[in-house]
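Dear colleague,

Please find the structure below, handed over for your use. A summary of what was found in it comes after.

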Amino acid sequence: MRVTTAAVVVLALAAAGLVVFRPYHPFTAIQAEESQVAKPAPSAPSAASRAFVMHETPQPVPELHFVDGDGKELSLADFRGRTILLNIWATWCVPCRREMPALDRLQAKLGGPDFEVVPLSIDRDGLPKVKAFYAELGLKSLGIYVDASGKAPYRLGALGIPTTLLINPEGLEAGRLAGEAAWDNSELVSVIQQQLKQAAGTVD
């Protein structure tokens with residue numbers, strides 16, 4: 001029986017204790033919960049809620065349009081030439097709220113000219129809501145990006161949020177994780193660093 005690269009990655013993460021299946025927000029339920037937001041836990045959980053599946057062949061990513069924290073219009077094309085971790089989230093999504101501090105720490109650890117965590121909010125209330133949330137949690141390293149149309153997850157084929165894509169410098173999806181994760185966990189950091197080495201042509 002042939003074992004695919006994606007299967008090997010899943011099994012490796014499972015062995016490391018990173019595959020803990022936990023519900024996240026399906027789109028059939030999120031609107032009803034939007035007005036019932038719980039306070040975030042002090043930190044992200046210690047394990048990923050779903051397997052980070054790396055594709056054998058990177059996949060095309062639909063173009064997305066959004067604004068940054070200054071209201072400047074951007075698209076994914078503006079990040080071409082860099083590896084990005086695109087995280088689709090919202091302030092009313094409790095699992096999203098829990099993992100944001102870990103994403104902030106990941107950006108502080110790995111962020112630079114070659115890599116950026118891009119947390120794309122789909123909050124319909126736009127920048128004021130997201131800026132208030134950043135202030136509430138004391139997020140300092142992450143940039144602010146908002147798709148107030150809420151179309152991003154549908155264009156990406158996400159069944160719920162949070163959903164996170166690892167996108168290579170060519171703008172192709174190298175991998176995807178559905179659900180919350182401890183993004184500053186050493187094993188997940190290693191997966192991202194390996195992708196950065198691949199992009200730089202320095203894979204061991």
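The notes below go from the chain as a whole to one helix and then to one residue.

Please bear in mind that this is a predicted model. The chain holds 6 helices and 10 strands, and 50% of its 204 residues count as buried. Of the contacts between residues at least 6 apart in sequence, 77% join residues at least 24 apart. The accessible surface is about 9700 Å², with 54% of it belonging to carbon and sulfur atoms.

Helix α4 spans residues 127–137, and its buried residues are Leu127, Val130, Phe133 and Tyr134. Viewed down the axis of α4, these fall within an arc of 130°, so they line one face of the helix. In general, an α-helix has 3.6 residues a turn, so residues three or four places apart point the same way. Pro128 and Ala135, on the other side of α4, are exposed. The cover over the buried residues of α4 includes the strands β3 (65–68), β5 (83–89), β6 (115–121) and β7 (145–146), as well as helix α3 (94–110). Glycine 138 follows α4 and has a positive phi, near 70°.

Isoleucine 192 belongs to helix α6, residues 186–200. Its relative accessibility is 0%, so isoleucine 192 counts as buried. Beyond its neighbours within four places in sequence, isoleucine 192 is in contact with Leu85, Leu106, Leu110 and Phe115. Isoleucine 192 and isoleucine 84 are separated by 108 residues in sequence, while their C-alpha atoms are 9.4 Å apart in space.

Yours sincerely

Definitions and conventions: Residues are numbered from 1 along each chain as its sequence is written. This is a predicted model: local features need pLDDT of at least 70, side-chain atom pairs count only at pLDDT 80 or more; totals for chains, interfaces and linings use all residues. Side-chain values use heavy atoms; hydrogens and water are left out. Helices (H or I, at least four residues) and strands (E, at least two) are DSSP runs, numbered from the N terminus. Buried means under 20% relative accessible area, exposed over 50%, partly exposed in between (1.4 Å probe, protein chains only). Contact means heavy atoms within 4.5 Å. Accessible areas come from the Shrake-Rupley method with a 1.4 Å probe; for residues, only the protein chains shown count as cover. The arc is that of the directions from the helix axis to the C-beta atoms.
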